Amino acid sequence: MSGHQGEGPASGRRVQVSTLGEAMLRLSPAPGERLRECGELRVHVAGAEANVAVALASVGVSTRWTSALPDTVLGRRVTDSLSSAGVVLDTVRWTAGERLGLYFAEIGSPPRPTSVVYDRARTAFGSLTADDLDWAAVCDSEILHLTGITAAVAPGSDALVLRAAREGRERGALVVYDVNYRAALSATETAAAVTVAAAPDIDVLICRAEDARDLFGLTGDPVTLARDLAGKLDITRVVVTSGADGAVAWWDGASFAAPALPTVAVDRIGAGDAFAAGVLWGVLDGSPGDALRRGTAMASLAMSVHGDQCRFSAQEVLDVAQGAGREVRR
């Protein structure tokens with residue numbers, strides 16, 4: 001693997017949030033068309049952690065994204081997209097002879113669901129190992145954000161995520177882990193085992209209600225799920241999302257809630273990543289209530305535009321967050 005480093009707008013400085021994960025290109029037919037019949041495909045840069053980084057940078061939170069990319073025009077398409085939002089890319093590694101992952105998304109509307117087909121085998125990120133990274137640089141942040149998707153993308157990726165969580169904790173970063181389970185990538189038992197293994201190093205856990213049930217066998221309403229998940233994994237701060245029911249947090253023994261905002265969704269892909277970005281933004285300000293309100297606002301905004309990325313200003317997000325309750329501004 002090449003050691004050539006990526007270019008970033010603020011290389012070598014400490015950031016508020018650092019994140020690690022794979023980027024892909026998403027190829028989608030126009031709304032209302034199907035993959036097996038379309039004549040054209042729209043291209044969007046995608047990837048859970050890249051989406052989080054772009055959303056945070058767009059609201060003014062300094063953010064670093066670490067990954068491995070092929071040194072090709074497609075790899076440069078990814079960095080062009082992220083750097084245009086202000087994401088720091090000085091820990092990106094460039095590789096030769098490898099590829100960028102793709103996925104194909106057919107955006108559905110009721111009663112037809114959105115469908116996704118992955119093409120992410122043998123990618124540049126899949127060959128990344130813990131020894132390839134400068135952990136002092138990767139973890140030079142207030143928060144380190146990780147997801148279960150990264151732990152499942154390739155053999156050995158789980159070890160990479162577990163190492164990242166440990167390095168983040170040891171280097172003083174607040175470690176946030178989004179379970180973000182994908183059935184197409186791993187079995188529920190595998191995803192649960194990785195989360196349990198990472199739990200001692202996790203400060204804040206984000207989990208969908210259905211994942212709490214399917215991966216950990218928990219039952220009950222979202223508040224109960226958050227509380228019981230906190231107890232099961234010995235994590236004192238847990239956020240549970242429940243679609244149209246909004247989000248709740250079990251936070252140092254107290255519960256908080258924010259309703260989902262009324263949204264006419266044109267594209268739901270990436271909404272969970274936008275929510276996570278809002279939560280991280282609120283955590284930086286030390287407010288679980290603001291974390292939930294900003295998260296639901298960013299998720300709502302993300303669904304109002306095509307593509308995986310949420311590129312809205314802080315003021316736009318805070319204005320929308322007013323619909324979820326009183327917002328404490330930075």
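View 1. Counting a disulfide as a pair of cysteine sulfur atoms within 2.5 Å, you end up with 0 disulfides here. Buried means under 20% relative accessible area, exposed means over 50%, and partly exposed is what lies in between (1.4 Å probe, protein chains only). Keep in mind that this is a predicted model, where local features need pLDDT of at least 70, side-chain atom pairs count only at pLDDT 80 or more, and totals for chains, interfaces and linings use all residues. Residues are numbered from 1 along each chain as its sequence is written, and side-chain values use heavy atoms, with hydrogens and water left out.

**View 2. The nonpolar cores.** In soluble globular proteins, nonpolar side chains tend to be buried together. A nonpolar core here is a set of buried Ala, Val, Leu, Ile, Met, Phe, Trp, Tyr and Cys residues joined through side-chain atoms within 4.5 Å. The largest one has 48 residues, and those with the most contacts inside it are Leu20, Trp135, Leu146, Tyr177, Leu205 and Leu229. Helix H8 supplies the largest share of this core, 5 residues. Apart from it lies another core, of 39 residues, with Ile143, Val204, Val283 and Cys310 among them. Back to Leu229: leaving aside neighbours within four places in sequence, Leu229 is in contact (heavy atoms within 4.5 Å) with Leu205, Cys207, Ala212, Phe216, Leu218 and Val238.

**View 3. The buried side of helix H7.** Helices (H or I, at least four residues) and strands (E, at least two) are DSSP runs, numbered from the N terminus. In H7, which spans residues 209-216, the buried residues are Ala209, Asp211, Ala212, Leu215 and Phe216. They sit on the same side of H7, because they cover an arc of only 165° around the axis; the arc is that of the directions from the helix axis to the C-beta atoms. An α-helix has 3.6 residues a turn, so residues three or four places apart point the same way. The partners of these buried residues are H6, strand E11 (204-208), helix H8 (222-233) and strand E12 (237-241). After H7 comes Gly217, with a positive phi near 70°.

**View 4. A tilted tyrosine pair.** The structure holds 1 aromatic pair. Its members are Tyr103 and Tyr118, with ring centres 6.0 Å apart and planes at 50°, so the pair is tilted. For the cut-offs, rings of Phe, Tyr and Trp (its six-membered ring) pair if their centres lie within 6.5 Å; planes under 30 degrees apart count as stacked, over 60 as edge-to-face and the rest as tilted. Tyr103 is in strand E7 (residues 101-106) and Tyr118 in strand E8 (residues 115-119), so the pair ties together parts 15 residues apart in sequence. Tyr103 is buried at 5% relative accessibility, whereas Tyr118 is partly exposed at 28%.

**View 5. Arginines over tryptophans.** Arg76 lies over the face of Trp94, at 3.8 Å from the ring centre. Arg294 does likewise with Trp281, at 4.4 Å from the ring centre. The rule asks for NZ of Lys or CZ of Arg within 6 Å of the ring centre and within 35 degrees of the ring normal.

**View 6. Two positive phi values in loops.** Most residues other than glycine have a negative phi. Asn180, although not a glycine, has a positive phi of about 45°. Asn180 is found in the loop between strand E10 (174-178) and helix H6 (188-198), and is buried at 6%. Asp252, not a glycine either, has a positive phi of about 55°. The loop of Asp252 runs between strand E13 (247-251) and strand E14 (254-258), and Asp252 is partly exposed at 47%.
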